[in-house]
Amino acid sequence: MHSPTTHDGTSRRDRSTMRDYTGTTAIVTGASAGLGVEFARALGGRGANLVLVARRGDRLETLAEELRDAHAVDVHTLALDLASPEATETLVAFVREKGLTIDSLINNAGFATHGEFITTDPARLDEEVRLNVGAVVAFTRAFLPEMTASGRGVLVNLASTAAFQPVPLMAVYGATKGFVLDFTHALAYETRHTGLRVTALCPGATKTEFFDIAGDGARVGDFAVPSEVVAVAMRALDARRTPSKIVAGAKNSISSAIARVLPRGLVTPVTARLMAE
Ligand SMILES: NC(=O)C1=CN([C@@H]2O[C@H](COP(=O)(O)OP(=O)(O)OC[C@H]3O[C@@H](n4cnc5c(N)ncnc54)[C@H](OP(=O)(O)O)[C@@H]3O)[C@@H](O)[C@H]2O)C=CC1
Ligand SMILES: N[C@@H](C=O)C(=O)O
């Protein structure tokens with residue numbers, strides 16, 4: 001993927017000054033690595049208090065200290081497996097116990113598996129669906145009422161350029177991100193009369209721990225830098241009108257727009273070749 005700074009779905013006329021999140025509270029899932037860390041830094045830098053969630057609590061605490069020192073915001077951390085059946089109940093109980101009201105939710109935690117579906121560990125596929133889809137739906141449902149009532153925050157769901165076409169060798173991952181994209185478009189419409197800004201962020205390959213987990217074969221195109229991808233998202237969230245989908249990077253914007261309209265019989269074998277390289 002090439003420079004993500006050139007396209008964020010906003011016109012020059014839409015651009016406005018940076019939004020201030022002071023006094024609001026944002027949950028960032030998957031805040032122990034990659035894009036989640038950068039979302040936490042970006043929101044904390046604009047004054048948001050934070051609830052950081054992932055399994056590696058030590059990393060969350062290190063980031064929390066950094067953000068408290070740098071921005072004087074409140075940062076809570078919760079070490080939790082978000083693919084576990086009790087994840088939603090635990091997260092909601094944690095938020096209520098701290099007396100917090102949630103204004104923003106960044107549904108960022110997710111992972112992929114590269115390889116033939118037929119030989120992939122079924123337990124891993126189950127976890128992938130529970131995290132990439134189940135947690136996104138459940139957390140959104142849990143916090144959407146207070147987020148729409150507040151009208152001061154954002155709902156960002158991490159989709160992917162993988163959302164725009166079937167992805168052989170990452171069949172489950174591509175389908176989960178297709179779900180996230182359409183789910184988010186629908187929610188953006190349903191909440192259009194509230195102040196909540198709702199968007200699906202669609203990065204291409206980005207230099208994070210993602211490929212350590214998915215396997216390097218998962219990558220298509222050049223790497224983007226995580227902080228730049230998040231900067232693209234933050235700019236689109238600053239705009240007077242936030243689009244319900246943000247594709248990071250001009251090249252990705254063009255290829256995803258083409259992939260979306262091509263017949264599946266054409267785009268699927270092309271994607272299969274790219275994924276097998
Ligand atoms: N990097 C890329 O090329 C792209 C990434 N994306 C999407 O962006 C999002 C972030 O990915 P990225 O930052 O790249 O990946 P990373 O692997 O760097 O980070 C993933 C984060 O998710 C957390 N996570 C994973 N599994 C669980 C779990 N079961 N419970 C709680 N937290 C979990 C990890 O924390 P921990 O291990 O501590 O639990 C980590 O904080 C994902 O949804 C991904 O699909 C989309 C397009 C491209
Ligand atoms: N879009 C990335 C994953 O989601 C990739 O290019 O692999």
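1. Where in the secondary structure is Thr 140 found? The place to look is helix α4. Do keep in mind as you read that this is a predicted model. Thr 140 counts as buried, because its relative accessibility is 2% and the cut-off for buried is under 20%.

2. The surroundings of Thr 140 are worth a look on screen. Its side chain reaches the backbone oxygen of Val 136 at 2.5 Å. Leaving out residues up to four places away in sequence, Thr 140 touches Leu 105, Asn 107, Ala 135, Leu 155, Asn 157, Phe 183 and Leu 187.

3. Helix α4 covers residues 122-150, and Leu 144 is found in it as well. Leu 144 has 16% relative accessibility and therefore counts as buried. Apart from its neighbours within four places in sequence, Leu 144 is in contact with Leu 155, Leu 187, Thr 191 and Leu 196.

4. Now for the ligand. Which residues come nearest to ligand 1? Of the 31 residues around it, these are Ser 32, Arg 55, Arg 56, Tyr 173 and Thr 208. By class, the shell around ligand 1 has 17 nonpolar, nine polar and five charged residues.

5. For Lys 177, a side-chain N or O atom is 2.9 Å from an oxygen atom of the ligand. With Glu 209 the backbone takes part: one of its N or O atoms lies 3.0 Å from a ligand oxygen atom. As for cover, ligand 1 taken alone exposes 870 Å², and the protein buries 97% of that.

6. Which elements give two or more residues to the shell around ligand 1? They are α1 (34-45), α5 (171-190) and α6 (210-214). The most comes from α6, with three residues.

7. Two backbone angles deserve a friendly flag. Most residues other than glycine have a negative phi. Ala 72 is not a glycine, yet its phi is positive, at about 55°. Ala 72 sits in the loop between α2 (57-71) and β3 (75-79). Is Ala 72 buried or exposed? It is exposed, because its relative accessible area of 71% is over the 50% cut-off. Leu 169 also has a positive phi, of about 75°, without being a glycine. The place of Leu 169 is in the loop between β5 (154-158) and α5.

8. Finally, the chain as a whole. Its secondary structure comes to nine helices and seven strands. A compact globule of 277 residues would have a radius of gyration near 19 Å, so the 18 Å of this chain agrees with that. Along the principal axes, the C-alpha trace spans about 50 × 45 × 35 Å. Of the 277 residues, 51% count as buried. Among contacts between residues at least 6 apart in sequence, 75% join residues at least 24 apart. The chain exposes about 12,300 Å², and carbon and sulfur atoms supply 55% of that area.

Notes. Residues are numbered from 1 along each chain as its sequence is written. Chains are lettered from A and ligands numbered from 1 in the order in which they are written. This is a predicted model: local features need pLDDT of at least 70, side-chain atom pairs count only at pLDDT 80 or more; totals for chains, interfaces and linings use all residues. Side-chain values use heavy atoms; hydrogens and water are left out. Helices (H or I, at least four residues) and strands (E, at least two) are DSSP runs, numbered from the N terminus. Buried means under 20% relative accessible area, exposed over 50%, partly exposed in between (1.4 Å probe, protein chains only). Contact means heavy atoms within 4.5 Å. A residue is near a molecule or strand if one of its heavy atoms lies within 4 Å of it. A polar contact is a pair of N or O atoms within 3.5 Å; within protein, one must be able to donate a hydrogen and the other to accept it, and residues adjacent in sequence count only if both atoms are side-chain atoms. Accessible areas come from the Shrake-Rupley method with a 1.4 Å probe; for residues, only the protein chains shown count as cover. Ala, Val, Leu, Ile, Met, Phe, Trp, Tyr, Cys and Pro count as nonpolar, Asp, Glu, Lys and Arg as charged, and the others, Gly among them, as polar. The radius of gyration is taken over C-alpha atoms; the globule rule is 2.2 Å times the number of residues to the power 0.38.
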